[in-house]
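Dear colleague,

Please find below the structure that I am handing over to you, together with its sequence. My notes on it follow directly after.

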Amino acid sequence: MKDNEADVEDDSNTLNWQWMHEPFVQMKNGQVLGSVSLSVPQLLDQKVVTNDTSDYLWYITSVDIKEDDPIWSKDLKLRVNTSGHVLHVFVNGGHAGSHYALDGEYKFVYETKVKLKLGTNEITLLSSTNYGAYFDNVHVGIDGPVQLVGRKDNTEIIKDITNNVWNYKVGLHCEHVKHFSVDSTNGWFTNGLPTDRVFVWYKSPIGNDPVVADLRGLGKGQAWVNGNNISRYHVPRSFLRDGGLNTLVLFEELGGQPYGVRFSTVTIGKVCANAYEGHVLELACHDNQVISEIKFASFGVPKGECGSFQKGDCESPDALSVIKR
C-alpha cells in the first residue's frame with residue numbers, strides 16, 4: 001500500500017550559469033606568484049603539506065636549458081610518477097596535459113609532450129587527491145621521479161629534476177578567496193560561458209528543496225552548495241536555506257559542458273507494502289532517488305496503518321534486522 005509517493009520535479013531549465021577562470025600560472029620571470037608554503041629540494045607527501053586544508057597542492061620548479069644541454073631537442077616529454085587521483089601539468093604558463101587514476105590505481109606514471117625554450121623554463125604540477133580509507137597509511141601526491149625525457153638517435157636521454165627545489169602552494173586561488181561562498185559576487189561573468197576548457201568555475205542558483213544532482217557533461221572537480229562541499233550528488237536539506245537563495249558552485253578541472261547538468265528537487269515520501277509468506281516484495285525508486293531508511297518491518301500480524309504500525313501479538317523479533325542487511 002503506497003501512502004505518499006515521492007515527487008520529483010526537473011529544475012534543469014532554471015539553471016542560470018555564471019563562470020570564472022581558475023588561474024594556473026604560478027610563476028613569472030622565475031618568481032613564484034602568491035604565498036609559498038615552503039621550498040625544499042625534494043618531493044613531499046601531499047597530505048603533510050596541505051594538512052587536510054585542501055585537496056589540491058601545487059608543485060612548482062624551474063629548469064634552465066642551454067644549447068649544449070644533452071636534453072635539448074624538439075622531441076621532449078615530461079614524465080611524472082605520482083600517487084594521486086588527478087595530475088595536471090603546466091609548462092611556461094600553458095596547459096601541457098592532465099591525467100586521472102583509472103580503476104582505483106592511484107599510483108601511475110604520466111608522460112606528456114612539452115615544449116621548452118633556451119633559458120629558464122617554468123614547470124608547474126598540480127596534484128588533486130581525495131582519498132578515503134587508509135588515507136593516513138599511504139603516500140599521497142607526486143612521489144617521483146620527475147624527469148624530462150629527450151630522444152636522439154633512437155636513444156632516450158633523461159634529465160632528472162626530482163631533486164630540484166620545489167615550491168609548494170596549498171589550494172586553489174578561488175578556494176582561498178572563497179568563491180564557492182554564497183557571498184561571492186565579484187569576478188563572475190554572465191556571458192560567453194566556456195565549455196571543454198580546464199580550470200573553470202561555474203555558479204548557478206538552485207531551488208530550496210532537497211536536490212539530487214546529475215553532473216553529466218562534466219569531468220573531474222569539486223562541488224559546493226551554499227559554501228558546503230558535497231562529496232556526493234545528494235544535497236542534504238541542512239545545506240539549504242528555507243525560502244532563501246541557494247547557490248551551487250562547481251569547479252571543473254578537466255573541461256566539460258555544464259549544459260548537461262540536471263537537478264531534481266525531491267519531496268521525501270514514504271511507502272508501505274506487504275507480501276504473503278513465500279512471495280517476493282520488491283520496492284524501487286524513481287531515477288536519482290534512494291531508499292534512505294526502513295522504519296518498520298514485521299514478519300507476523302502487525303497492528304495499525306501506514307505510518308503508525310506497531311508490533312502485533314505474533315511477531316518475529318528479527319524481522320527488521322534481517323530486512324536491513
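Please bear in mind throughout that the model is a predicted one.

Glutamate 111 and arginine 79 meet through their side chains in a salt bridge, with 2.4 Å from N to O. Glutamate 111 belongs to strand β10 and arginine 79 to strand β7, so this pair ties together parts that lie 32 residues apart in sequence. Arginine 79 itself is buried, having a relative accessible area of 15%.

Salt bridges with shared partners join Lys77, Arg79, Glu111, Arg151 and Glu156 into one network.

A further salt bridge links glutamate 111 to lysine 77, where the closest N and O atoms are 4.0 Å apart. Lysine 77 is located in strand β7, which covers residues 76-83, and glutamate 111 in strand β10, which covers residues 107-114; the pair therefore ties together parts that are 34 residues apart in sequence. Lysine 77 is partly exposed, and its relative accessible area is 31%.

In total, the structure holds 7 salt bridges.

Another of these salt bridges brings together the side chains of lysine 47 and aspartate 45, at 2.8 Å from N to O. Are these two partners buried or exposed? Lysine 47 has a relative accessible area of 16%, which is under the 20% limit, so lysine 47 is buried. Aspartate 45 is buried as well, with a relative accessible area of 14%.

I also looked at phenylalanine 299. This residue is found in the loop that runs between β21 (262-267) and α3 (319-323). Which residues does phenylalanine 299 touch, leaving aside those up to four places away in sequence? Its contacts are Glu277, Cys314, Glu315, Ser316 and Ala319.

With kind regards

Methods:
Residues numbered from 1 in each chain as written. Predicted model: local features only at pLDDT ≥ 70, side-chain atom pairs only at ≥ 80, totals over all residues. Heavy atoms only, no water. Buried < 20%, exposed > 50% of the residue type's maximum accessible area, 1.4 Å probe, protein only. Helix = DSSP H or I, 4+ residues; strand = E, 2+ residues; numbered from the N terminus. Contact = heavy atoms within 4.5 Å.
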